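The sequence and structure come before the details.

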Amino acid sequence: MSKPILWIVIPCYNEEQVLPITAPMFLQKIHTLTEKGLVSDKSRVLFVNDGSKDKTWALISDFAKQDEHFIGISQSRNRGHQNAVLAGLMEALHSGICDITISIDCDGQDDINAMDEMVQKYLDGAEVVYGVRSRRDTDTFFKRFTAEGFYHLMNALGADIVFNHADYRLISTRVLESFADYKEVNIFLRGMVPLVGFKSEQVLYERHERLAGESHYPLSKMLALAFDGITSLSNKPIRLITGAGIVVSIISFIGVIWAIVQAAMGSVVAGWASTICIVCFVGGVQLVCLGVIGEYIGKIYMETKARPRYIISERTWAPYERKYHG
């Protein structure tokens, strides 16, 4: 069996501070995997510039000139982390020379040494290998509580996602060929990849502190990603709204009967407080329900437009070139 060609897919957005530190680490990992006989020397490190406003693309271009193992693509504008990862995966698939991909962030937080076990599990028959955090000691209590709560909520709503897994994973091109048939504009990769199926395994690793620079995922973006994931993968919120509407309607109906009985008994007491509370409660429930329904309608609107999920404006390499076959 020939050694598989690995492409490490790395999304980058304004990472000029951390790239000079982590790029050599990724290159060394390629050499280490090659020396161990796990992957081919034709393996590559693919940087995906997600419309950065700093010198990220200039650094990627310089890396590509210094070593043939580095290649890069640049999106025409910033489209978000998930679209950047997707662009890298599809670039690897359409290259025709890649056998497996490993997606990982460029900040150095994910343990790159876990790649050794990932590749070994692929060689043993797994088509998808998920990198799963073994613990969250480096997170604050709030972040740990909200993150774990998110995974439990997603599973409760029917979304098949791997607990404590983000976007650090190995995927074979066989899986990517099937995944390419998923044409959603609103993408949430950690929930979509399990939908494809195929044999999967997990690799536990410890997450470290960011090596340099600042995180580009503040709380607002994390909440937006979580909400996108819920509404993209499950329609249970709509069903919950229906159930809540039925419950509120029943309570309201009972309230009407009670009011009629009280009026007939002549014991009605004029009270604006109770009326205001009921109106505010029902009005609030209606607004929340309309907001959730509107989110789904908005996603339908975007899906019907079928706009491209990414547009590559520049490359450091010539796609579909066969020079790597030797």
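## Surroundings of Asn49

The model is predicted. In it, Asn49 touches Cys12, Thr56, Trp57, Ile60, Ile73, Ser74 and Gln75, leaving aside residues up to four places away in sequence. Asn49 belongs to strand S2, which covers residues 44-49.

With a relative accessible area of 3%, Asn49 is buried, because buried means under 20%. The side chain of Asn49 also has a polar contact of 2.6 Å with the side chain of Ser52.

## Cysteines

A search of the whole structure gives 0 disulfides. Cys12 is accordingly in no disulfide, and the nearest cysteine sulfur, that of Cys106, lies 4.1 Å away.

Strand S4 covers residues 100-103. Ile100 and Ile102 point one way from S4, while Thr101 and Ser103 point the other way. All four are buried. In a regular strand the side chains alternate between the two faces of the sheet.

S4 is joined to strand S1 (residues 6-12) by 4 bridges, and the two run parallel. In this pairing Ile8 stands opposite Ile102. Another 4 bridges join S4 to strand S6 (residues 165-172), and these two run antiparallel. There, Ile100 stands opposite Ser172.

Terms used:
Residues numbered from 1 in each chain as written. Predicted model: local features only at pLDDT ≥ 70, side-chain atom pairs only at ≥ 80, totals over all residues. Heavy atoms only, no water. Buried < 20%, exposed > 50% of the residue type's maximum accessible area, 1.4 Å probe, protein only. Polar contact = N/O pair within 3.5 Å; in protein donor to acceptor, adjacent residues only side chain to side chain. Contact = heavy atoms within 4.5 Å. Disulfide = S-S within 2.5 Å. Pairing = 2+ DSSP bridges.
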